[in-house]
Amino acid sequence: MNFKALHTLEYDKIIAMLESYAASPLGKEYCTNLLPSDDEEYILKAQHETSDALTHILTQGEISFGGIKDIRASLKRLEIGSILGIGELLNISSLLSTAGSVKNFFRKNLNENDETGDSLNERYQLIEPLSPLMKEIRRCIIDENTIADDASVGLSHVRRSMKIAGGKIHDQLNSIVNGSSRSMLQDAIITMRNGRYCLPVKAEYRSSFNGMLHDQSATGSTLFIEPASVVKLNNEIRQLELDEQEEIEKILANLSNQTAEQSFFIEQDFRILSELDFIFAKAMLSKKMKGTRPNFPKENYIEIKEGRHPLIDAKKVVPINLHLGRDFSLLVVTGPNTGGKTVSLKTIGLFTLMGQAGLHIPAFEGSSLRIFHEVYADIGDEQSIEQSLSTFSSHMVNTVSILEKADENSLVLFDELGAGTDPVEGAALATAILSDLHQRHSTVMATTHYSELKLYALQTPDVENACCEFDVTTLRPTYKLLIGVPGKSNAFAISSKLGLPDRIIEDAKGHVASDAKHFEDVLAELEKTRVQLEKEHLAVSKSRKEISDLKKSLREKNEKIDNSKDRILQHANEEASRILSEAKDYADETIRKYTKWASSDKHIKEMEAERAALREKMDSKQSKIKVKKEKPKSKQVKASDLYIGADIKVLSLGATGTVSTLPNEKGDLFVQAGLLRTKVNIKDIELLPKPKTLSTPNNHSGSGKIRMNKAAGIKGEINLIGMTVDQAMPVLEKYLDDAYLAHMTQVTVIHGRGTGALRTATHNHLKRTKYVKSFRLGEFGEGDMGVTIVNFK
């Protein structure tokens, strides 16, 4: 790519942003030297790497490459057998530590056996942390100024000897400071001069204080003298210091040798980590500007979806939609100044450079770019302080250079083509230049104010108009690029809004040629129609979206209902199965007990207790029901409405029965429901209506009427429980007569077990009744000994 286009399209600013995300020296160099390529294989590989690195950042978080130091000079020194210094070894240790961190970072997500996996997988596998060497360096070197005492046995011995010698010197000097010579000292302190321990002695005692003079104060009143008694110990310490330095050099030489043995892997780690630093810098730039990976279709076209210029504030930039190279290869953009024409031009050029450099572009997913061998740009942006080509002649120099080199694999960008000279000649030159490039099949995008170029775009195949929308009512550009619509300069409208007198504007309109005026009117009408269609399109799109949302909501609701229905039915079936199983078990146990009690008349109390327990269990279950159907309101039963034998319904049980006793003062009474006699409250019962007799035709005989009335009102059983023998016999006799007259063949007399008196009286009465054919006690399931089954003749 030519460097002029890179600078014109501000590609260097993108590189500066990219470099800020790199941490390693070589990684920054990779960023600085990054140039667009026309090698499709390289571009696709670089884009893939950037995408994979971005995926790692989004899923695992950011990774640090700050520990990578520039060790290239140190590796050169190792090649010639030099000994590395403490700082150099620490830099290598830092590099290896970073290698270990990066290795662990990738190990979390990457599968080493996955041949089709991450594009960074190969680099990850080549990283060698060399943990033993890194740990050895850190064991021996504490920081840039300190070697650990246990780095070697010799160093440990020397430093221990130095401490012992130092302790002896301090003891000697302390004895002098605290002894008879105290008065000769300026201060009771021990100091160092030229690496030797000294005492501050008053100048007047120089001849009296035995030792070597090393220094004196600025006034000469204090002399720093090394006492003779510690000279030998000081000499010993100096020798130990030399021994210490020698041991340190041995340690560094040993570490250097170990490092040299691994120099190949260290150099490889440095290179791979720097490359990863560079790749992750591209990913961080993509994350910062919310970029996406562009496609590079075989059809060689450009399609930008919601593209945002990366150098404009993200809060202010207006996204553009642009396509070029599929339906047309030359695009003429017109419209007023400050409307966004130049920004659109720079956006497509900069996106092309970024995409071919392996960088993501700040556009919507699915945007496409074409790979060009060269990008040419002649952009004189008056808003840019970096503009250097502002005159017609300088623009022509650029244009001539472009025309010499442009071909079918070139992207050519012109800003205000033909401007800066006579409008007629400028328009003619611009038309000729575009026509020449169009014949070469170059991909071209040009901005202009010339109406002639609008006509050229309308009349020429494979050439299209576009404009940057401008709201005349607010005098503000919308910065929307509209393809297929030629733009207007709107000079008269803008001037009028800014206060130019109408007479001047009208006079100016008179100087406009009728053809040009008619053309501008056509454009204005087209713009008006476009705005109206766009509003209608937005309304239709909004309605479609609402319909789509409603359909989606309804579908989700139906799915939830179906899922809930299945779940509720399953739960209900499981609960019903459990309840049935529990009821079966309880019924089996109750039947077993009743069978046992049926063999004797002496278990009435036990049966009553069992009945009460069953009632209590049913009440307990009933109270746990969460959802109850609303019961229809029934008429309140009064005590005066009841009589013994009256048919009633027990509301809480949902069972019918007959009244056995009248209510007491609390409203409690006994009712007989089948075999069960239970106590209920008058509020819990409903009085059933008396059975109605059916009307019969007038031609029936008297006996026929009686039979029909009896048949309509008679029941198949009579309940005598709760009555005395004297009370029960008349009721039984009347019932048997009615049943016989109703032509019933069999009835059931319920007398209960009790003491057996009522059963005996019933059997005696049946024996005396002539129309009774036979009778017997009930069997299992019919009431056992509590009932008698009567058959009529």
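**Close-up 1. The surroundings of Leu18 in this predicted model.** Setting aside residues up to four places away in sequence, Leu18 touches Cys31, Leu34, Phe278, Ala281, Lys282, Leu285 and Leu359. Leu18 itself is part of helix 2, which covers residues 11–19. Is this side chain's residue, Leu18, buried or exposed? With a relative accessible area of 0%, Leu18 counts as buried, because the cut-off for that class is under 20%. While you are here, look for Ser286 as well: 268 residues separate Leu18 and Ser286 in sequence, yet their C-alpha atoms are 9.4 Å apart in space.

**Close-up 2. The crossing of helix 4 and helix 12.** Here the axes of helix 4 (residues 40–60) and helix 12 (residues 341–356) come within 8 Å and cross at roughly 85°. Helix 4 is therefore roughly perpendicular to helix 12, since angles of 65 to 115 degrees fall in that class. Which residues make the contact? Helix 4 brings Tyr42, Ile43 and Gln47, and helix 12 brings Met354, Gly355 and Gln356. By type, the residues of this contact divide into 3 nonpolar, 3 polar and no charged.

**Close-up 3. The largest cavity and its lining.** Searching the whole structure turns up 1 cavity of 30 Å³ or more. The volume of the largest cavity is about 50 Å³. Around the largest cavity you will find Asp378, His395, Met396, Thr399, Asp415, Glu416, Leu417, Gly418 and Ala419. Helix 13 (residues 392–405) gives the most to this lining, with 3 residues. The lining residues divide into 3 nonpolar, 3 polar and 3 charged.

Methods. Residues are numbered from 1 along each chain as its sequence is written. This is a predicted model: local features need pLDDT of at least 70, side-chain atom pairs count only at pLDDT 80 or more; totals for chains, interfaces and linings use all residues. Side-chain values use heavy atoms; hydrogens and water are left out. Axes are lines fitted to C-alpha atoms, for helices over the stretch in contact, and angles run from 0 to 180 degrees between N-to-C directions. Helices (H or I, at least four residues) and strands (E, at least two) are DSSP runs, numbered from the N terminus. Angles under 35 degrees count as roughly parallel, over 145 as roughly antiparallel, 65 to 115 as roughly perpendicular and the rest as oblique. Contact means heavy atoms within 4.5 Å. Ala, Val, Leu, Ile, Met, Phe, Trp, Tyr, Cys and Pro count as nonpolar, Asp, Glu, Lys and Arg as charged, and the others, Gly among them, as polar. Buried means under 20% relative accessible area, exposed over 50%, partly exposed in between (1.4 Å probe, protein chains only). On a 1 Å grid over the protein atoms alone, a cavity is a set of points where a 1.4 Å probe fits but cannot get out, and a pocket is an open set with protein on both sides within 12 Å along at least five of seven lines; lining residues have an atom within 4 Å of a point. Grid points are joined across faces, edges and corners, and a volume is the space filled by probe spheres set on the points.
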